[in-house]
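Work through the exercises below with the sequence and the coordinates open beside you. Each task is followed by a solution that goes step by step.

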Amino acid sequence: LVERAQGCVFLLTDYGLSDELAGVLRATVLRHAPGAPLVDLTHGVAPFDVRAGALALARSVPHLGAGVVIGVVDPGVGGERRGLALEVSSETGPRYLVGPDNGLLIWASERLGAVDLAVHLTARPQLFGRSGSTFDGRDLFAPAAAALWNGVPIAELGATIDPAGLTRLRRPTLLVSPGSVETEVLWVDTFGNVQLSATASDAEQAALGDQGLAIEVVGGNGTFRARPASSFAAVGADEIGLIVDANGHLALVGDRTSAARTLGLEEADPVTLLAIPRGGT
Amino acid sequence: LVERAQGCVFLLTDYGLSDELAGVLRATVLRHAPGAPLVDLTHGVAPFDVRAGALALARSVPHLGAGVVIGVVDPGVGGERRGLALEVSSETGPRYLVGPDNGLLIWASERLGAVDLAVHLTARPQLFGRSGSTFDGRDLFAPAAAALWNGVPIAELGATIDPAGLTRLRRPTLLVSPGSVETEVLWVDTFGNVQLSATASDAEQAALGDQGLAIEVVGGNGTFRARPASSFAAVGADEIGLIVDANGHLALVGDRTSAARTLGLEEADPVTLLAIPRGGT
Amino acid sequence: LVERAQGCVFLLTDYGLSDELAGVLRATVLRHAPGAPLVDLTHGVAPFDVRAGALALARSVPHLGAGVVIGVVDPGVGGERRGLALEVSSETGPRYLVGPDNGLLIWASERLGAVDLAVHLTARPQLFGRSGSTFDGRDLFAPAAAALWNGVPIAELGATIDPAGLTRLRRPTLLVSPGSVETEVLWVDTFGNVQLSATASDAEQAALGDQGLAIEVVGGNGTFRARPASSFAAVGADEIGLIVDANGHLALVGDRTSAARTLGLEEADPVTLLAIPRGGT
């Protein structure tokens with residue numbers, strides 16, 4: 001008998017919660033892997049938004065314990081895109097990720113460690129019992145994840161493939177030069193905070209903030225001032241703050257207001273951060 | 001001591017997730033049945049929409065393992081409608097369903113097997129500890145489901161009643177004739193896919209698609225062409241596809257667009273599918 | 001070795017479910033407390049609405065079993081507000097509550113019993129491993145709650161403080177006099193039911209309903225009639241009913257319609273209930 005994988009089964013999809021899709025996914029994992037602790041990361045990824053799902057998964061995985069991740073944001077379901085199971089060399093986090101080969105899993109996998117093995121989930125009726133081609137979350141990915149949690153070796157789930165050939169999404173824009181950072185909105189969160197692709201070290205490298213002055217933000221509705229701040233609470237009522245957020249990224253934020261709405265910024269919008277020279281207004 | 005029912009407690013309600021209603025339901029089950037694995041099927045049924053809840057539950061149950069289902073979409077709470085517990089002869093799925101006698105549970109029960117026993121949940125303060133008449137999910141159904149999960153025999157929960165007398169909803173329209181299927185929208189899912197009451201075998205029986213031609217769809221905003229397709233990915237950018245969905249039903253779908261919006265269709269709307277005759281445009 | 005706290009970890013936040021915030025919170029609890037049963041009370045508190053979160057938590061706690069509550073509605077995160085862990089003398093409910101010192105936890109704590117110990121969660125990197133100041137749910141409250149569930153004595157989590165000094169929110173309006181109750185909207189639920197700060201005993205004390213007559217409701221869009229009713233089902237199609245709801249409060253309700261919309265009432269709005277004198281219209 002194989003040994004059970006430790007840990008949880010983590011779920012991230014664009015199924016929403018208004019239908020039973022996420023519920024059937026949960027139930028299917030438990031039917032194949034009774035006793036597995038399920039953790040919903042989110043089912044609220046915008047429909048078909050693979051990039052948003054990939055970013056949310058990459059933000060999540062450093063905080064997960066051992067286990068198996070199922071990610072399903074899959075506009076190509078039923079088409080030629082492959083179903084994947086990945087094994088990563090993670091010390092403490094999830095060891096397996098399961099989902100479509102469309103870029104959803106790869107950033108999270110790399111954040112966890114190297115991809116040691118990639119498997120193309122080929123049709124194995126005795127394992128997956130597939131009944132169609134439109135609900136691979138239920139029919140392919142949940143049984144595969146359950147099998148991994150149950151201790152089935154990943155190589156038994158399909159054909160080993162070269163990790164170098166996995167589908168990748170465009171890398172977010174990030175160009176750092178003295179006094180300037182060209183960046184991009186990664187994420188607008190529930191509170192309207194605007195996460196950028198740039199990190200604190202990018203800002204430091206560009207010497208954006210070393211005079212303690214405000215920064216100029218070009219993007220969205222126009223040009224704005226933002227004040228470097230240590231937390232939301234340090235941002236004034238009518239200000240836009242620039243903070244280092246909980247993922248280590250720069251973020252444009254308001255105090256109990258949506259910075260995204262104030263600035264007119266959406267996910268994937270370009271943003272340029274500029275140092276304001278000494279003597280500037 | 002009685003033996004504990006195996007499996008999970010599955011929850012489906014119209015409580016939404018913006019309040020603590022679903023949370024209190026979950027906590028109440030666990031307070032009465034510590035250790036029961038809870039699975040939220042959905043709490044997103046449209047408020048008071050018993051039909052939508054009954055359909056979602058019927059779609060879900062073939063994919064559930066052993067356990068007890070709680071269904072609460074219950075506009076008649078506090079009135080004369082009865083509270084129910086049903087025992088079904090299911091090989092692998094849930095054995096018990098608990099909820100109001102308004103049609104919510106019966107389709108799911110029949111999909112699982114025959115209803116062997118129906119019990120009217122009569123007030124039993126020592127078991128249910130009822131504190132009012134407006135939140136039967138918390139005060140009646142959760143304790144009853146927990147009792148069943150704990151192994152309490154169903155007949156101890158109330159008075160046995162005749163399953164033939166359970167409340168039923170109107171059966172969805174379905175009329176199959178040569179070259180024509182009169183059907184009805186069962187469900188518009190999160191992605192705007194339009195599930196119909198007709199199945200693949202209905203289409204076959206009507207010989208709708210045997211010429212490999214498009215099908216005429218009459219309903220919603222007018223008359224449309226739909227192309228039989230094997231999956232979402234096989235539907236062109238400006239097309240409406242007719243697929244067999246993950247529940248075995250015909251569904252009108254777009255490729256990453258909402259077919260419901262394109263066609264102007266809502267749940268319970270009538271739809272006629274017509275074969276286009278040879279030589280037709 | 002310390003003994004593990006029994007029961008569940010209950011979660012209430014304003015994180016919403018569209019992002020992975022709630023998921024990372026769940027995963028972090030499980031990473032620190034493997035095996036803890038998690039129960040989401042809700043993540044749908046309106047952003048930054050501490051009062052709504054405090055009321056939802058106070059409504060929930062009488063129905064919870066043993067365990068630890070995490071509450072996070074925390075506009076002041078990163079500022080000077082303290083992080084708290086409270087120990088309450090509860091016979092059957094949760095023994096610990098963790099969250100910000102902004103009034104979120106205190107009503108729930110007092111509903112559970114006396115606050116025996118209050119601890120200011122001071123930075124303890126070896127326990128909390130904090131990585132920033134914007135996501136205390138993940139970095140401070142989840143590890144603290146996990147530690148309590150694991151059996152760590154509360155006094156080890158920080159400095160003991162005086163419960164009398166905890167931050168409190170304004171008490172909702174409630175003024176009872178003969179024939180009149182000045183009250184306030186506590187909560188508009190998913191179905192549009194309007195929960196008031198007054199209870200059944202307040203109505204009795206004011207002798208509002210002792211003539212079996214309708215009651216006058218002043219508030220929102222103007223002046224309305226409401227009829228005392230025993231349940232939703234007893235309210236007529238075009239009526240507003242006044243019921244005793246599942247929390248023991250008076251509530252203005254419609255039959256499958258939103259009373260809040262009909263009356264134009266929102267949370268925290270003032271409402272006056274007036275007896276209609278004999279012979280009144």
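The exercises concern a predicted model, and they turn to one chain and then to an interface.

**Exercise 1.** Describe the fold of chain A in terms of its helices and strands, its extent and its buried residues.

Solution. Begin with the secondary structure, where chain A has 7 helices and 15 strands. Next take the extent along the principal axes, for which the C-alpha atoms of chain A fill a box of roughly 70 × 35 × 30 Å. Then turn to burial: of the 281 residues in chain A, 56% are buried. Finally, consider the contacts in chain A with a separation of 6 or more, 69% of which join residues 24 or more positions apart.

**Exercise 2.** How much area is buried between chain A and chain B, and which three residues of chain A supply more of its share than any other three?

Solution. The buried area comes to about 2,300 Å², with carbon and sulfur atoms giving 61% of it. On the side of chain A, A:Glu20, A:Phe48 and A:Thr134 supply 25% of the area buried against chain B, more than any other three residues. The contact as a whole draws on 25 residues from chain A and 32 residues from chain B.

**Exercise 3.** Identify the salt bridge between chain A and chain B, and then characterise the side of chain A that touches chain B.

Solution. The count is 1 salt bridge, formed by B:Arg59 with A:Glu20, whose closest N and O atoms lie 2.6 Å apart; this falls within the 4 Å cut-off. Across the interface, 13 residue pairs are in polar contact. Helix 1 (residues 21-32) of chain A contributes 8 residues, the largest share of the side that touches chain B. By class, that side of chain A has 11 nonpolar, 8 polar and 6 charged residues.

Definitions and conventions. Residues are numbered from 1 along each chain as its sequence is written. Chains are lettered from A and ligands numbered from 1 in the order in which they are written. This is a predicted model: local features need pLDDT of at least 70, side-chain atom pairs count only at pLDDT 80 or more; totals for chains, interfaces and linings use all residues. Side-chain values use heavy atoms; hydrogens and water are left out. Contact means heavy atoms within 4.5 Å. Buried area is the accessible area (1.4 Å probe) that two parts lose on being put together, summed over both. A salt bridge is a side-chain nitrogen of Lys or Arg within 4 Å of a carboxyl oxygen of Asp or Glu. A polar contact is a pair of N or O atoms within 3.5 Å; within protein, one must be able to donate a hydrogen and the other to accept it, and residues adjacent in sequence count only if both atoms are side-chain atoms. Helices (H or I, at least four residues) and strands (E, at least two) are DSSP runs, numbered from the N terminus. Ala, Val, Leu, Ile, Met, Phe, Trp, Tyr, Cys and Pro count as nonpolar, Asp, Glu, Lys and Arg as charged, and the others, Gly among them, as polar. Buried means under 20% relative accessible area, exposed over 50%, partly exposed in between (1.4 Å probe, protein chains only).
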